[in-house]
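Here is a briefing on one protein model. Look over the sequence and the fold, then work through the points below.

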Amino acid sequence: MAKHQFQTEINQLLQLMIHSLYSNKEIFLRELVSNASDALDKLNMLHLTDDAYKGIAFTPRVDIAIDKEAKTLTVSDTGIGMNDEDLVAHLGTIAKSGTKAFLENLSGDAKKDSQLIGQFGVGFYAAFMVADKIEVVTKKAGEEQAYKWISAGDGEFDIEPAEKEGNGTSITLFLKDEDEEFLETYRIENIIKKYSNHIPFPIFMDKENFIPAERDDEGNETKPSSTEIKNEQINKASALWTLSKSDISDDEYKEFYSSLSHDSGEPITWLHHKAEGAIEYTTLFYIPSKAPMDLYRVDYQPGVKLYINRVFITDDDKELMPTYLRFLRGVIDSADLPLNVSREILQSNPVMNKIQNASVKKVLSELAKLKKKDAEKYDAFYSEFGNVIKEGLYSDFGNREKILELLKFNTLNSNEQTDIESFVTKVDETKKEIYYISGKMSLQMLKNSPQLERFKAKGIDVLILNDEIDTIVFPMVTEYKEYKFVNVSDAQFEESEEEKKADEETAKAFESLVGAMTEALGDKVSKVEVTTDLTDSPVCLKIDKEDPNYQMAQMMKQMGGGMGMEIPDIKPILQINPKHELLEKLNGTSDVNLVNDAAFVLLDQAKLFEGAELDDTAGFIARMNRIMSKAL
Ligand SMILES: Nc1ncnc2c1ncn2[C@@H]1O[C@H](COP(=O)(O)OP(=O)(O)OP(=O)(O)O)[C@@H](O)[C@H]1O
C-alpha cells in the first residue's frame with residue numbers, strides 16, 4: 001500500500017467541506033455523476049476515433065448502489081477509468097486554475113466563504129461533505145491492472161492494486177451518521193432527476209417497488225403485500241440540447257446549466273439555437289449571473305463543450321469561442337464535423353469556422369435583444385461582463401459595430417448612462433464626430449478634466465471612458481457607422497477670422513510670460529503655449545502626437561511593452577489659459593521668482609488633474625508656501 005499526501009490546496013478545500021460550509025450538500029452527487037459522464041464521454045470519443053480502443057466494448061452506463069447496512073453509497077461508471085498515476089494526479093492535486101483562484105479568494109470568514117463556494121464547483125472532493133471515508137476502485141480502459149484509492153479526507157490517501165472487472169470507476173462513500181438521508185432511494189432519485197436528468201448516459205439504480213396485498217372477493221388477504229426490487233433507469237438520458245425548445249421547461253434548462261457549469265446560482269439567460277440548412281448544428285449557451293473566478297486569468301477554463309453528433313470532443317478548447325465571450329457556458333453540437341478532428345484541424349476547419357462566426361453573431365444579437373427587452377437583466381449581465389465584452393473591440397474587428405452597440409457609456413452632459421445608438425443622434429451631423437475622453441480615474445474626476453472645458457462651454461456631449469480597459473481599447477476604435485471617434489485633445493473646432501485674429505493678439509500679449517515659464521520649467525515640458533480651449537482652469541496638459549518620443553512609445557506599447565527597452569519619456573505641452581485671473585496677474589508681474597514658482601505649481605496642478613502623481617511633493621509644498629506667504 002502506498003501512502004500519499006494531498007496537495008496543500010486540497011487539504012484547504014477538504015477542511016472547508018468537512019466543516020460543512022456548503023448549505024447544499026446534495027450537490028456532491030451531481031459532481032460524482034458529472035465526473036462519471038465525463039469519463040464516459042472520453043471513452044466514447046476514443047472508441048470512435050482511436051484504433052487502439054476499437055476492441056473495447058463500450059456499454060455506457062452509470063450505476064448507483066445503496067447498502068443500508070454498510071451505510072454506503074456507490075456511484076459506478078463504465079468510462080475511461082484511471083491508473084495509479086492518474087489517481088495521484090487527479091485525486092491528489094488540483095490542476096485547475098479556477099479552483100486555485102477560488103482558494104486564493106477565501107477570506108477565512110465562514111459566511112463569506114460559503115457564499116463563494118456556492119458559486120463554484122468543487123468536484124470530487126464535495127463527496128467528503130457527506131462521507132468520512134471514500135474508496136475509489138478503478139481500471140483504465142485498455143490496461144490490465146485495477147487500483148483502489150482510499151482516503152478519510154484527513155490529509156492523505158492510499159493507493160493499492162485491486163481487482164475489478166471491466167474498465168471504469170466505482171466510487172464508494174462511507175456516509176457520515178448525520179447524512180444517512182442519502183441511503184434513501186427516493187432521495188437519490190430526486191437528486192438525480194434534479195441535476196442529472198439530461199446527462200447523455202443512462203443512470204440505473206435498484207428501486208423498491210411496493211406490491212399491494214392481493215385479496216379475494218370477500219376482502220381476505222390471499223397474498224401479503226411485498227416489495228420488489230427492480231433495477232431501473234432513473235434519468236431521461238437525453239442530451240438536453242437535442243430536444244426541441246418547446247419540450248424543455250425553464251427548470252430543466254436551469255438544472256442542465258448547474259450540471260454543466262457546477263454553478264449553484266441561476267444563469268441570467270440562455271440561448272438555444274438549432275441551425276438547419278447547409279450546415280446543421282445546435283448551440284445552447286448560458287450567461288452566468290456571476291463571473292467565474294478565473295475570468296481574468298490567462299489560464300482560464302473555457303466553458304463551452306464541443307460535441308460532434310452528441311459525442312463529446314472537448315471542453316478545453318479556448319478557440320471554440322472568442323476570448324471576449326469566455327464567460328459563456330454551454331454546448332456546440334454538430335453532425336457536420338469529422339469525428340476524428342484534431343485541435344489544429346478544428347481551428348482551420350471551414351465548417352467549424354462557420355459555426356463559430358454564426359454563433360458569435362447569434363450571441364451578440366441575442367444580447368442586443370436582451371438590452372432592448374429587459375433592462376434589469378441586461379444591467380446584471382453588463383455589470384459582470386461589460387468589461388470583458390469590450391475586449392472584443394480590438395480582437396473582433398468584424399463585429400466591432402455590434403459590440404459597440406452593446407456598451408453602456410457615461411457622458412459629460414448626463415448622469416444617466418447611454419448607448420452609442422442614442423449618443424450619435426445628438427452629434428453634429430455636419431462633423432459626425434464622437435468625442436471621448438479616457439483615463440483610469442473616478443468618473444467625477446474625469447468629468448472635471450480641464451480638457452473638457454471647451455466642450456462644456458459649447459454644450460457638446462462627450463463619452464467619458466474611465467475604466468482601465470477603455471484606455472487600452474478606445475484608441476483603437478476609429479469609427480462607428482459613418483461617425484468618427486475623436487479624442488477630446490484632438491478635436492478641432494473652426495474659428496472665425498476675427499477669433500483667429502484675437503487669439504493671435506492674446507498669444508502676443510503673453511509672449512514674455514510664456515518665455516519665462518518655458519525657461520523656468522526647462523526639460524519638464526516640451527513647451528508652454530497659450531490656449532483658448534480652457535474656460536475655468538488656469539492650465540492643462542496636452543500630448544503632442546507628432547512628438548517622436550510619443551510615437552515611439554505607442555509603437556513599443558503595441559509591440560507588447562518594449563521588450564526590455566526603456567519606453568521614452570514623453571514631455572507634455574503645458575497650455576495656459578489667458579482669460580484666467582491667475583494668468584492675467586502673472587502676466588503683469590515683474591517678480592521673476594514668483595513666475596518661477598507659479599510655473600512649477602501650475603504644472604503640478606495640471607498633472608494632478610490628469611490623475612498623475614507629483615515627482616517632487618516637497619518642492620510643490622515649498623513653492624505653494626512661498627506663493628501663499630507673498631499673498632498674505
Ligand atoms: N469517474 C471518474 N472516472 C475517471 N476519471 C475521474 C472520475 N472522477 C474523477 N476523475 C478524474 O479526476 C479529476 C478531478 O475530478 P474533479 O471532480 O475534482 O474535478 P473536475 O471534474 O476536473 O472539475 P469539475 O468537477 O469542477 O468540472 C477529473 O478531471 C478526472 O480526470
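Strand 4 (residues 131-139) and strand 7 (residues 168-175) run antiparallel and are joined by 8 bridges. This is a predicted model: local features need pLDDT of at least 70, side-chain atom pairs count only at pLDDT 80 or more, and totals for chains, interfaces and linings use all residues. Residues are numbered from 1 along each chain as its sequence is written. Helices (H or I, at least four residues) and strands (E, at least two) are DSSP runs, numbered from the N terminus. Two strands pair if DSSP finds at least two bridges between them.

- Strand 4 and strand 5 form a hairpin, with 6 residues between them.
- G142 sits in the turn of this hairpin and has a positive phi of about 90°.

- An open sheet of 6 strands has the order 18-17-20-19-22-21, with mixed pairing.
- Its edge strands are strand 18 (414-418) and strand 21 (479-480), each pairing on one side only.
- Strand 19 (residues 433-438) and strand 20 (residues 463-465) run parallel, joined by 3 bridges.
- S438 faces L465 of strand 20 across this pairing.

Burial is judged by other C-beta atoms within 10 Å of a residue's own: 20 or more means buried, 12 or fewer exposed, and in between partly exposed, with C-beta atoms placed from the backbone.

- K432 lies in the loop between helix 13 (420-424) and strand 19.
- Phi of K432 is positive, near 55°, in a residue other than glycine.
- K432 has 15 other C-beta atoms within 10 Å, so K432 is partly exposed.
- K481 lies in the loop between strand 21 and strand 22 (483-487).
- K481 is not a glycine either, yet its phi is positive, about 50°.
- K481 counts as exposed because it has 12 C-beta neighbours inside 10 Å.

**P350**

- P350 is part of helix 9 (residues 350-373).
- P350 counts as exposed, with 8 C-beta neighbours inside 10 Å.
- L337 is 13 residues from P350 in sequence and 9.5 Å away in space, C-alpha to C-alpha.

Axes are lines fitted to C-alpha atoms, for helices over the stretch in contact, and angles run from 0 to 180 degrees between N-to-C directions. Two residues are in contact if their C-beta atoms, placed from the backbone, lie within 7 Å.

- A second open sheet, of 3 strands, has the order 23-25-24 and mixed pairing.
- Strand 23 (527-530) and strand 24 (539-542) stand at the edges with a single partner strand each, so one side of each has no neighbour in the sheet.
- On average, neighbouring strands here are turned by 30° against each other, direction ignored.
- Strand 23 runs parallel to strand 25 (residues 573-576), with 4 bridges joining them.
- V530 has I576 in strand 25 as its bridge partner.
- Helix 18 (residues 511-521) packs on this sheet and touches strand 23 and strand 25.
- The direction of helix 18 makes about 155° with that of strand 23.

**Helix packing**

Angles under 35 degrees count as roughly parallel, over 145 as roughly antiparallel, 65 to 115 as roughly perpendicular and the rest as oblique. For residue classes, Ala, Val, Leu, Ile, Met, Phe, Trp, Tyr, Cys and Pro count as nonpolar, Asp, Glu, Lys and Arg as charged, and the others, Gly among them, as polar.

- The axes of helix 18 and helix 21 cross at roughly 75° and come within 9 Å.
- Helix 18 and helix 21 are therefore roughly perpendicular to each other.
- A516, M517, A520 and L521 in helix 18 meet V595, N596, A599 and L603 in helix 21.
- This contact of helix 18 with helix 21 has 7 nonpolar residues, 1 polar and no charged.
- Helix 21 (residues 592-609) packs with helix 22 (residues 617-631) at about 130°, their axes 9 Å apart.
- Helix 21 and helix 22 are therefore oblique to each other.
- Among the residues meeting there are L594, F600 and V601 in helix 21, and F620, M624 and I627 in helix 22.
- By class, the contact of helix 21 with helix 22 holds 7 nonpolar, 1 polar and 5 charged residues.
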